Amino acid sequence: MKDIGATKGKITKGIAAKQYPDVATDAAHLAHLFMRVGEFWAGRKVSDAETIAKTGETGATDLAAAAKAGDDAKIQSSLQAINGTCGGCHGAHREGMPGNYKIK
C-alpha cells in the first residue's frame, strides 16, 4: 500500500509538468496497485474497503486514458476520484501514528 502514495506523488508532479505519457504509465501502475489492495480487502471480507479500492482502481484507469488523450478536464476529475479514496479507507481501517501504522 505504501507504493500508492509514492506513485500518486509522481502522478501529481507529472500532471503539473504536463508529462502525460509518464502520467499514463504511472496511472496504469496505480490502477494495478488499487486492484491488489482490493484483493487484499476481499480476502479479509471488508466490503467497504474493497469498494473504496475499486473506486481508486477505476479512477486510476480513467486517469491513464485521459492522460493518453491529453484531456485536462478528465485528468483532473479522475485525480479527484482517486484523492477521495485514501482518507476514507485510512480513517476506517488504519490506526497508529506515522511510521507505526497498523491495519485494524
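Predicted model: local features only at pLDDT ≥ 70, side-chain atom pairs only at ≥ 80, totals over all residues.
**Helices α3 and α4**

- The axes of α3 and α4 come within 8 Å and cross at roughly 160°, and because angles over 145 degrees count as roughly antiparallel, α3 and α4 are described as roughly antiparallel to each other.
- The crossing in which α3 passes α4 is left-handed.
- On the α3 side, the residues that meet α4 are D48, A49, I52, T55, G56, G59, A60, D62, L63, A66 and A67, while α4 brings K74, I75, S78, A81, I82, T85, G88, C89, A92 and H93 to the contact.
- Sorted by class, the residues of this contact of α3 with α4 comprise 11 nonpolar, 7 polar and 3 charged.

**Helices α1 and α2**

- For α1 and α2, the axes come within 9 Å and cross at roughly 155°, which makes α1 roughly antiparallel to α2.
- As α1 passes α2, the crossing is left-handed.
- From α1, the contact takes in D3, I4, T7, K10, I11, G14 and I15, and from α2 it takes in Y20, V23, D26, A27, H29, L30, L33, F34 and V37.
- The contact of α1 with α2 divides by class into 10 nonpolar, 3 polar and 3 charged residues.

**Helices α2 and α4**

- Helix α2, which covers residues 20-43, and helix α4, which covers residues 72-93, have axes that come within 13 Å and cross at roughly 30°, and because angles under 35 degrees count as roughly parallel, α2 is described as roughly parallel to α4.
- The crossing of α2 and α4 is left-handed.
- In α2, the residues Y20, L30, F34 and W41 meet D72, I75, I82, T85, C89 and H93 in α4, and by class this contact of α2 with α4 has 7 nonpolar, 2 polar and 1 charged residues.

**The largest pocket**

- Grouped by class, the lining of the largest pocket has 11 nonpolar, 7 polar and 4 charged residues.

How values were computed: Residues numbered from 1 in each chain as written. Heavy atoms only, no water. Axes fitted to C-alpha atoms, helices over the stretch in contact; angles between N-to-C directions. Helix = DSSP H or I, 4+ residues; strand = E, 2+ residues; numbered from the N terminus. Parallel < 35°, antiparallel > 145°, perpendicular 65-115°, else oblique. Left-handed = near helix turned anticlockwise from the far one by under 90°. Contact = heavy atoms within 4.5 Å. Nonpolar A, V, L, I, M, F, W, Y, C, P; charged D, E, K, R; others polar.
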